[in-house]
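Subject: Structure handover

Hello,

Here is the structure I promised to pass on. Please open it first, then read my notes below.

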Amino acid sequence: MGERTYPLRMVAWELTRSCNLACVHCRASAANGPHEGELSTGECRKIIDEIVSFSTPTVILTGGEPLMRPDLFDIVEYGEKKGLRMVIAVNGTLVDEDTALRLKDAGIRRVSLSVDGRDGQSHDSFRGVAGSFDAVTNAAGILLKTGLPFQINTTVTALNVNELDDIYSLARSIGAVAWHVFLLVPVGRGKELKGKELSAGDYEEVLHHLRRIETKNELEIKVTCAPHYYRIVAEDGGTPQSAGCLAGKSFMFISHRGQAQPCGYLEIDCGDVRRDGVKKVWEESEIYRDLRDLSSYRGKCGGCRYIRICGGCRARAYEATGDYREAEPLCSYGARNG
């Protein structure tokens, strides 16, 4: 039998580190630029050419704030014409009707907006900028009017865990097509939230609660950076829609300087796509190979019956222990089941 292949199905591409906000949980510690070494328009086109030479992933354009790149619409249009599904994550503050129409016309299929609190007071304190809640809800209204589908992303911490039901209701009421919930990985500026993560037991409760919401079938729900959610789905008799942590298996992160990582939160250099090309990095990175080898996982993750549908968050393991193959620190399953 030949070696198992790992199709590249999703690329998160940090087009820029520049941003007009200063969110307390920001993975990239993004701030106003310019930032040295960002990929040029020509280099971005070359990366798209390399991607489509061997795969057809969804490409998530992120940052920073990607709308701060003057060539953004050119990059979107180029990727769309090459057959890629182009989506974008923005903070909402720069979205007006003209921008929304330009995104739609260029080929963006979906926009993600972040809401981390149920109201202006809660969200704005999390985002670090007064008025950002009003900006994001205003952007949602513009996107709805434009006919450009949008999802709401929420990062769960001890600061907002008691607001999740209200945020879910808000996402539905403003016309979102999906709610994606992220469990905090304290990297970048998010390290300032260290201690604001939930305990493993509390996370378990939150994940069970999210499962109850999902089974209402009112809105597409995806839980991210919490692969143990798929163990909960399986225990509940459902069919997991994902094979746990996708980092390095079907998911690649590309930084604003062309550095490949397993995901945006696992800040390990897996290769330089600017120098070596996307295909070579994806197929030959030793770190990606490690992540694909489940037999190399350590601690309770290595011996867990759910390793294939969960595998634990490799970024959180790395942040906690310095070893991306160690056990997921925010999972209570091993303690509960011996």
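Start at Gly175, in the loop between helix H6 (164–173) and strand E6 (178–183). Helices (H or I, at least four residues) and strands (E, at least two) are DSSP runs, numbered from the N terminus. Gly175 is partly exposed, with a relative accessible area of 26%. On this scale buried means under 20% relative accessible area, exposed means over 50%, and partly exposed is in between (1.4 Å probe, protein chains only). Leaving aside residues up to four places away in sequence, Gly175 touches Leu144 and Phe150. Contact here means heavy atoms within 4.5 Å. The C-alpha atoms of Gly175 and Gly141 are separated by 8.1 Å, and the two residues are 34 residues apart along the chain.

A word on the source. This is a predicted model, where local features need pLDDT of at least 70, side-chain atom pairs count only at pLDDT 80 or more, and totals for chains, interfaces and linings use all residues. Residues are numbered from 1 along each chain as its sequence is written, and side-chain values use heavy atoms, with hydrogens and water left out.

Now the overall picture. The protein has 14 helices and 10 strands. Of its 338 residues, 56% count as buried. Among contacts with a separation of 6 or more, 71% are between residues 24 or more positions apart.

Next, helix H1 (residues 41–52). Its 12 residues should span 16 Å at 1.5 Å a residue, and the end C-alpha atoms are 17 Å apart, which agrees. The expected span is 1.5 Å times one less than the number of residues. Which residues of H1 are buried? They are Cys44, Ile47, Ile48, Glu50 and Ile51. Seen down the axis of H1, these fall within an arc of 160 degrees, so they line one face of the helix. The arc is that of the directions from the helix axis to the C-beta atoms. The buried residues of H1 pack against several elements, including strand E1 (10–14), helix H2 (72–81) and strand E8 (251–254).

H2 has its own buried set: Leu72, Phe73, Ile75, Val76 and Gly79. Down the axis of H2 the buried residues fall within an arc of 160 degrees, so they line one face of that helix. Their cover includes H1, strand E2 (58–62), strand E3 (85–89), helix H3 (97–106) and strand E4 (108–114). Just after H2, Gly83 takes a positive phi of about 95 degrees. The peptide bond from Gly63 to Gly64 is cis, with omega near 20 degrees.

Two helix pairs deserve a look. H2 and H3 pack at an angle of about 25 degrees, with their axes 8 Å apart. That makes H2 roughly parallel to H3. Axes are lines fitted to C-alpha atoms, for helices over the stretch in contact, and angles run from 0 to 180 degrees between N-to-C directions. Angles under 35 degrees count as roughly parallel, over 145 as roughly antiparallel, 65 to 115 as roughly perpendicular and the rest as oblique. Leu72, Phe73, Val76, Glu77 and Glu80 of H2 meet Thr99, Arg102, Leu103 and Ala106 of H3.

The other pair is helix H4 (residues 120–127) and helix H5 (residues 132–146). Their axes come within 7 Å and cross at roughly 105 degrees. H4 and H5 are therefore roughly perpendicular to each other. Gly120, His123, Asp124 and Arg127 of H4 make the contact with Ser132, Phe133 and Val136 of H5.

Two loop residues have a positive phi without being glycine. Asn217 has phi near 55 degrees. Asn217 sits in the loop between helix H7 (200–214) and strand E7 (220–224), and at 69% relative accessibility it counts as exposed. Cys225 has phi of about 60 degrees. Cys225 lies in the loop between E7 and helix H8 (229–235) and is buried, with a relative accessible area of 16%.

Last, two buried residues. Gly312, in the loop between helix H12 (299–302) and helix H13 (314–321), has 1% relative accessibility. Beyond its sequence neighbours up to four places away, Gly312 touches Pro227, Cys245, Cys301 and Glu328. Arg292 is in helix H11 (residues 286–292) and counts as buried at 13% relative accessibility.

Best wishes
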